[in-house]
Amino acid sequence: MIAKQIRNSKNPSDHLVFPLDVPNSEMAVALADELKGRVGFFKVGLELFVAHGPALIDVLREKDPSARFFLDLKLHDIPATVGRAIAAARDLKVDLVTVHAQGGVEMMKAAVEAAAGATVLAVTLLTSLDPASLDELTPDYQSRSLYAARLAQRALVAGCGGLVASPLEVTELRARFGREPLLVTPGIRPTWSSVASDDQKRVGTVESALSAGSDLLVVGRPIRDAECRSEAADKILEEIAKTLNL
Ligand code: C5P
């Protein structure tokens, strides 16, 4: 359902996720305030959730009742535990939640069953796993992309509504799985951004990711570390509008 809403939206901000990658709730609230109305979803990840939990989402929602949330906990445990964790998150009324596809089909099914209104996104392979570390874990697979595609296929069989994929994987995932899955893409680096000591290796521009078929872009540091955050967000929204002809 959310995939349709995002794809049919004429509002470029519906294609933009801003990760609240900051260590404390005051900073998160200040950032959300600054970018209110410019981003479609705020992403709350492990760091912030472990430290401040559901109370933070309540505070953010109180300040901006129209804010939507992406709970990026990348869950990976036995099916019963993941199902119960997702059920416990229902009260938070988030729109998107992540699990690791490596947890297996039964785990992902448990997540989807428990998610109620939220869309479960699967993370296939962490981009931090380089070929050598992947080879240590799965020496029988010929390639990273084959293994990632296998994980993605199992995620969709389990009922996950979408996949998290770097800009470099989007074309292949669309070719394999068609229009249906929601593709969410971190690793966006606009040509004008200069993120200091960048650890993202599998990157692309707003235009390249959307043209390849991504639905939703996760853009963190190019906005967070910009001299003027609202201006940086507006530039990204312009690029989204231009690429998608909105
Ligand atoms: O744009 P920036 O690199 O700052 O965005 C970082 C965000 O993207 C983090 O919240 C991180 O969890 C998320 N992410 C990522 N790489 C992935 C998957 C998610 O950086 N492969």
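The shell around the ligand comprises 5 nonpolar, 3 polar and 6 charged residues (Ala, Val, Leu, Ile, Met, Phe, Trp, Tyr, Cys and Pro count as nonpolar, Asp, Glu, Lys and Arg as charged, and the others, Gly among them, as polar). The model is predicted: local features need pLDDT of at least 70, side-chain atom pairs count only at pLDDT 80 or more, and totals for chains, interfaces and linings use all residues. Residues are numbered from 1 along each chain as its sequence is written, and side-chain values use heavy atoms, with hydrogens and water left out.

In total, 14 residues surround the ligand, and the closest are Asp21, Lys43, Arg189, Gln200 and Arg221; a residue is near a molecule if one of its heavy atoms lies within 4 Å of it. Two secondary-structure elements, β3 (69–75) and α10 (221–224), each supply at least two residues of this shell. Helices (H or I, at least four residues) and strands (E, at least two) are DSSP runs, numbered from the N terminus.

For arginine 189, the distance from a side-chain N or O atom to a ligand oxygen is 2.7 Å. Glycine 220 contributes a polar backbone atom, 2.9 Å from an oxygen atom of the ligand. Taken alone, the ligand exposes 460 Å², of which the protein buries 82% (Shrake-Rupley method, 1.4 Å probe).

The structure also holds 13 salt bridges, each a side-chain nitrogen of Lys or Arg within 4 Å of a carboxyl oxygen of Asp or Glu. One of them pairs arginine 68 with aspartate 14, with the closest N and O atoms 2.6 Å apart. Arginine 68 lies in the loop between α3 (46–63) and β3, and aspartate 14 in the loop between α1 (2–8) and β1 (16–19), so the pair ties together parts that are 54 residues apart in sequence. The side chain of arginine 68 also reaches the backbone oxygen of glycine 40 at 3.4 Å.

Key
Polar contact = N/O pair within 3.5 Å; in protein donor to acceptor, adjacent residues only side chain to side chain.
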